Amino acid sequence: RCYILSNENGKIQLSLRQSRLNPKIYSKVEDVEITCIKDVKKGQLVRGYVKSITPSGVFFGLSTSLLGRILFQNVSPYFVQKHSLYEKYLPEGKLLTAKVLGVNGKEKHIELSLLPEDTGMPSVLPESLGLPQYGAEEEKGEAHSKKKSEEPKLKTKRRRGNSENEAEELYRLVKKIKLHWRLAKEAKPKKRKICPADENDSGIEVYYREEDEDDQEEEAAKKKSEIRKPGEAPRLQVSMGFTWDEDMNALDIPLVNQKEESSESEEEEDPQSKLKKKTKKEKELEKQKKEKELCKVEAALMDPTRQPQSADDFDRLVLSSPNSSILWLQYMAFHLQATEIEKARAVAERALKTISFREEQEKLNVWVALLNLENMYGTEETLMKVFERAVQYNEPLKVFQHLCDIYANSEKYKQAEELYQTMLKRFRQEKSVWLKYASFLLKQGQTEATHRLLERALKALPTKEHVDVISRFAQLEFRFEDTEHAKALFESTLSNYPKRTDIWSIYMDIMIKHGSQKEVRDIFERVIHLSLAPKKMKFFFKRYLDYEKKFGTAESVLAVKRAALEYVETKSSLTDT
């Protein structure tokens, strides 16, 4: 027992909802029916069925006309490398509960989530598989990086503390050395050159000048130390006005400290240098490995049988063959599979700009694909805009015919009917338009309308086209099982034009397929008794003989041979006379 929702164009849509079958008993509706994208809101919990699994995610059916997409990161909290695992646990048609993450009304995109924290349901992939979670590896990496960053900070703090203490000790020692040096200078007499201007100068004045110079140097050193960078350790500033030869024992202690500090820094730098430095063999092996990987990538890209997997792959292909409409159409289909309508439109526009103007058929193929796209995913206005542009840049008749086919294939019969009427007015001298419209009417079962259309076609078309048009109409009627009227058309045509052997041949072929053996033999008998050229008669006798050998008896075969001999004898007697 089921509920009929609609019955249009021979397609019946049914429903098994208990709220429809037994509305009195099951008045409460568990899943509210979703008819359009306006019924879906962000944060809403919805139930639906798995439609398909593609490289861009899982497509989820919310109704017969509405699809949503679930990115792999929103399917489960576990990281999955092989997407075939999803096909095992998410078979097509599986009923699931999902949460709406976002709704794009313009592009008709719905983003969904199956994560347990969003839906409140268990994960679609069981824990027993032992898969890693998305956040686990990132947390480990962050903790490791924090530890690494903290270690050098502690080391630098220690270094700074040690260096500051050592600097203070060195500064005190240097002061002591300077005092010792000054006292030694006062004790020893100076050997100075006497200048005329300096004859009356005393040694005390010279001493005080030198002391002033030393004080200036100390002040300059202090200023430099104050200007140093904030994160930098304090540096020792020493005046260079004395020799280090005197009392070198005083400097033994700081030199030892410097050696100890340098050995510590070398020990810290050793493991880093070991990691950085590699042997020649290791470098060569690494280089060879990289070269092999590059060779594999290049070979994969050069493989003609390889199917493109990403937008970059398609970009490479269309760059190598910019005039190939097949590649551009495949690129559009790639975006449409991921429900990226705007990107597919952009690819089509790019193809129309890129393909050479000489490649008319290739451009027309892209225009037809764009018309199909707008018919399926766009509005009537966008379709008409693309159609008007296509008519400007291509042969109008071809564009009209393609749009009629698009309408007919998508079961938009009313729009197709209107477009055919426009074509009959605009292209009334074109035989193909009448025949295409006749085929459309016969597919709809409108035989009477087809008969009236033939009369209109014969009035509109020139007389030299009449025989061919009648023959084509009769063939269409045979194909769509209006056999009696089709026979009548052939008979009337052959009675008016008995020497049209092409019509006789077509009539024979059709009757062999659709008629009885008696009818076929009657046609052959009529033809072999016509007064036609010997070559044409030979052709028909041969066809008659082949037919009897295949479907007849030995007597019927002999009868055809006798008729052929009689024809030859009568022709020879006429030539003799």
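The exposed residues Glu381, Lys385, Gln392 and Tyr393 sit on the face of α12 that is turned away from its buried side. The model described here is predicted. Helix α12 spans residues 380-393, 14 residues in total. From its first C-alpha to its last it reaches 20 Å, close to the 20 Å expected at 1.5 Å a residue.

The buried residues of α12 are Leu383, Val386, Phe387, Ala390 and Val391. Seen down the helix axis, these buried residues fall within an arc of 140 degrees, so they line one face of α12. The spacing follows a general rule. An α-helix has 3.6 residues a turn, so residues three or four places apart point the same way.

The largest nonpolar core holds 85 residues. Within this core, Met423 and Leu453 touch the most other members. Domain 3 (309-427) and domain 4 (531-576) both give residues to the core, so it lies between them.

Leaving aside residues up to four places away in sequence, Met423 touches Leu397, Phe400, Gln401, Cys404, Arg428 and Val433.

Aromatic rings were considered next. The count comes to 17 aromatic pairs. In one of them, the ring centres of Phe72 and Tyr86 are 4.9 Å apart. Their planes meet at 15 degrees, under the 30-degree limit, so the pair is stacked. Phe72 lies in the loop between β5 (67-70) and α2 (84-89), and Tyr86 lies in helix α2, so the pair ties together parts that are 14 residues apart in sequence. Phe72 and Tyr86 are buried.

A second pair has another geometry. The rings of Phe400 and Phe427 have their centres 5.6 Å apart and their planes at 70 degrees, so this pair is edge-to-face. Phe400 and Phe427 link distant parts of the chain, 27 residues apart. Phe400 belongs to helix α13, whereas Phe427 lies in the loop between α14 and α15 (431-443). Both residues, Phe400 and Phe427, are buried. Phe400 is also one of the residues that Met423 touches.

Some aromatic residues group together. Tyr413, Tyr420, Tyr437 and Phe440 form one aromatic cluster.

Conventions. Residues numbered from 1 in each chain as written. Predicted model: local features only at pLDDT ≥ 70, side-chain atom pairs only at ≥ 80, totals over all residues. Heavy atoms only, no water. Core = buried A, V, L, I, M, F, W, Y, C linked by side-chain atoms within 4.5 Å. Buried < 20%, exposed > 50% of the residue type's maximum accessible area, 1.4 Å probe, protein only. Domains from an automatic or database assignment. Contact = heavy atoms within 4.5 Å. Helix = DSSP H or I, 4+ residues; strand = E, 2+ residues; numbered from the N terminus. Expected span 1.5 Å × (residues − 1). Arc of directions from axis to C-beta. Phe/Tyr/Trp six-rings, centres within 6.5 Å; stacked < 30°, edge-to-face > 60°.
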